[in-house]
Amino acid sequence: MPKPPTTVLIVGSGPTGLTLAVDLARRDIDVRIIDKSPQFPRSSRAKGPNPRSLEVLEDLGVVEQVLAAGSAPLPMRKYRGGEVIADADPFAAARPMPDAPYDRPWLIAQWRLEEILRARLAEYGVRVELGAELVGLAQGDDSVTASLADGREIEARYAVGCDGGHSAVRKLLGVPFEGKTDEEQSMVCGDVEAEGPDRGIWHQWFDEDGGVMLCPIPGTRSGWWFQAAPETDAAGRPVPPSLESFQRLFAKHSGLPGGHLSQATLLSAYRVNERMVDRYRVGRVFLAGDAAHVHAIAGGLGMNTGIQDAYNLGWKLARVATGRAAPELLDTYEEERLPIAARTLDITAERLRATLEAIKEPGGGLDSAITPQTYGLGDGYRWSSLAPAGGTARLCAGDRAPDAPCRDAATGAPRRLFETFAGPHFTLLGFGAGTARALREAAAAHGDELRAHTVDGAYGSAGGTAHGALSDDDGRARSAYGIAPDEDVLVLIRPDNHVGLIAPAGDHRAVAEYLKGAALERA
């Protein structure tokens with residue numbers, strides 16, 4: 001008897017592919033993840049998750065490991081002519097808020113983040129298959145066949161290209177990657193070993209004719225991220241990255257001995273690329289992360305946008321693959337994420353422009369790239385077909401669902417809303433005793449697919465819900481959701497922790513109709 005096809009094949013094992021694999025595996029979806037590299041890269045590259053990605057990583061059960069393995073963003077020290085001009089800490093005034101527990105991005109080497117995600121994936125019995133280079137894709141009515149360079153074939157019901165800016169999946173699909181490359185804006189990068197500079201500082205030496213940036217890599221004794229404007233040769237062409245070139249650049253701009261740098265690895269030359277696809281899906285194959293969009297590094301949104309692509313796609317693939325939703329649900333992945341990619345290109349282009357202007361003056365630095373837009377907390381899908389009309393004073397369907405501190409009504413133990421959202425289910429919050437009937441009906445109809453909670457305690461004390469009533473003693477949950485003290489309101493949270501529906505307590509059919517028509521059941 002032939003082996004049944006894999007449910008989802010993921011091509012590429014960077015943060016995007018690993019996030020998607022973990023999300024699918026925790027939903028009991030049969031998933032394989034392959035990568036053409038013969039070994040896992042020891043690349044630092046992206047400097048870490050932003051606040052919204054930290055929320056995603058919390059839901060996936062790895063945020064504590066990520067926080068422990070990395071560090072908070074470091075103060076930035078700006079130099080001119082080798083002299084200290086200014087220090088800046090763009091997050092000095094930031095504080096965690098009841099509705100947003102992560103107030104800043106987190107520094108962590110990409111290889112370390114990938115290790116953590118791979119370990120989480122292994123807990124579900126799934127491991128990355130290395131040395132598996134994709135060279136062909138063929139689609140049928142019910143499956144995708146992936147051909148590998150070694151002659152093997154993998155049959156899957158769906159495939160997802162998470163294989164970076166040079167994506168083989170995208171090229172095999174024939175999807176255009178429109179945009180531009182700015183040959184004038186280039187950079188040489190690498191990981192270096194360095195002795196001497198203070199490891200509690202992100203050092204930034206900018207002069208009129210170039211600059212060097214040196215940021216310590218958390219979890220290493222003497223590892224640093226090195227970035228610089230490249231040297232040029234006699235013909236004006238950029239000199240390829242090398243340890244010797246890095247040493248010359250460092251000595252020129254910092255005034256310190258170039259010998260402070262050693263063991264330059266993971267060398268790369270970077271040019272500003274702003275490109276994106278015009279579609280995220282071709283039949284049973286999807287694109288995510290850099291395979292679908294690349295942009296300026298200003299603001300650090302590349303890896304983060306990919307993680308959030310995966311978070312949007314995972315629950316939808318799982319629902320359709322298990323027959324809980326109609327195939328049309330998969331169309332909403334492109335509908336929701338394509339506009340986010342376009343917006344990200346605009347944000348990063350503007351942040352790059354602002355940074356290039358800032359560093360022309362003494363004291364300017366990379367802090368100019370950071371704005372609340374780069375946190376990812378404002379991204380939502382109000383335009384989506386999964387976002388029906390209706391809202392509160394603060395929220396509309398499609399918005400990111402806020403966190404809030406509550407208490408377990410039965411035990412008095414602290415319990416955050418994010419803790420109730422964690423997992424592969426929908427969550428129904430009922431603000432006020434008038435939501436009791438809707439909570440009961442939804443919990444009875446959908447079982448573990450949906451968890452229902454009252455946020456005032458009255459319904460819990462009258463019989464409880466599937467996972468306990470929540471007491472909103474300080475009114476922070478109502479405040480975060482824009483619900484007045486005397487209002488009874490239902491709020492349905494999607495598995496990716498975005499608001500699916502906001503409805504009056506008396507509209508008992510609204511939740512059932514939403515779940516049947518949009519997400520949980522075949523129409």
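Which residues lie nearest the centre of the second largest pocket? They are Arg-27, Arg-319, Arg-324, Pro-424 and Glu-449, among the 13 residues that line this pocket. The close-up views below come from a predicted model, in which local features need pLDDT of at least 70 and side-chain atom pairs count only at pLDDT 80 or more, while totals for chains, interfaces and linings use all residues. Residues are numbered from 1 along each chain as its sequence is written, and side-chain values use heavy atoms, with hydrogens and water left out.

View 1. A pocket here is an open set of points on a 1 Å grid over the protein atoms alone, where a 1.4 Å probe fits and protein lies on both sides within 12 Å along at least five of seven lines; lining residues have an atom within 4 Å of a point.

**View 2. The largest nonpolar core around Val-8.** A nonpolar core is a set of buried Ala, Val, Leu, Ile, Met, Phe, Trp, Tyr and Cys residues joined through side-chain atoms within 4.5 Å, where buried means under 20% relative accessible area, exposed over 50% and partly exposed in between, with a 1.4 Å probe and protein chains only. The largest such core has 89 residues, and those with the most contacts inside it include Val-8, Leu-24, Val-160 and Leu-317. Helix α7 (residues 302–321) gives the most to this core, with 10 residues; helices (H or I, at least four residues) and strands (E, at least two) are DSSP runs, numbered from the N terminus. Leaving aside residues up to four places away in sequence, Val-8 is in contact (heavy atoms within 4.5 Å) with Leu-24, Ile-29, Asp-30, Val-31, Arg-32, Tyr-158, Val-160 and Leu-317.

**View 3. Ile-217 in its loop.** The loop between β10 (210–216) and β11 (223–228) holds Ile-217, which is buried at a relative accessible area of 4%. Although Ile-217 and Arg-199 are 18 residues apart in sequence, their C-alpha atoms are 8.8 Å apart in space.

**View 4. The open sheet of three strands.** The strands follow the order β17-β16-β20 with antiparallel pairing, two strands being paired if DSSP finds at least two bridges between them. Because β17 (414–416) and β20 (470–471) stand at the edges with a single partner strand each, one side of each is left without a neighbour in the sheet. Three bridges link β16 (residues 405–408) to β17, and Arg-407 has Pro-414 as its bridge partner.

**View 5. Strand β21 and its partners.** Five of the five residues of β21 (residues 489–493) are buried, so this strand is largely enclosed by the rest of the structure. Val-489, Val-491 and Ile-493 point one way, whereas Leu-490 and Leu-492 point the other way. Strand β18 (residues 426–431) runs antiparallel to β21 and is joined to it by five bridges, with Thr-427 partnered by Ile-493. Five bridges also join β21 to the antiparallel strand β22 (residues 499–504), where Val-489 stands opposite Pro-504.
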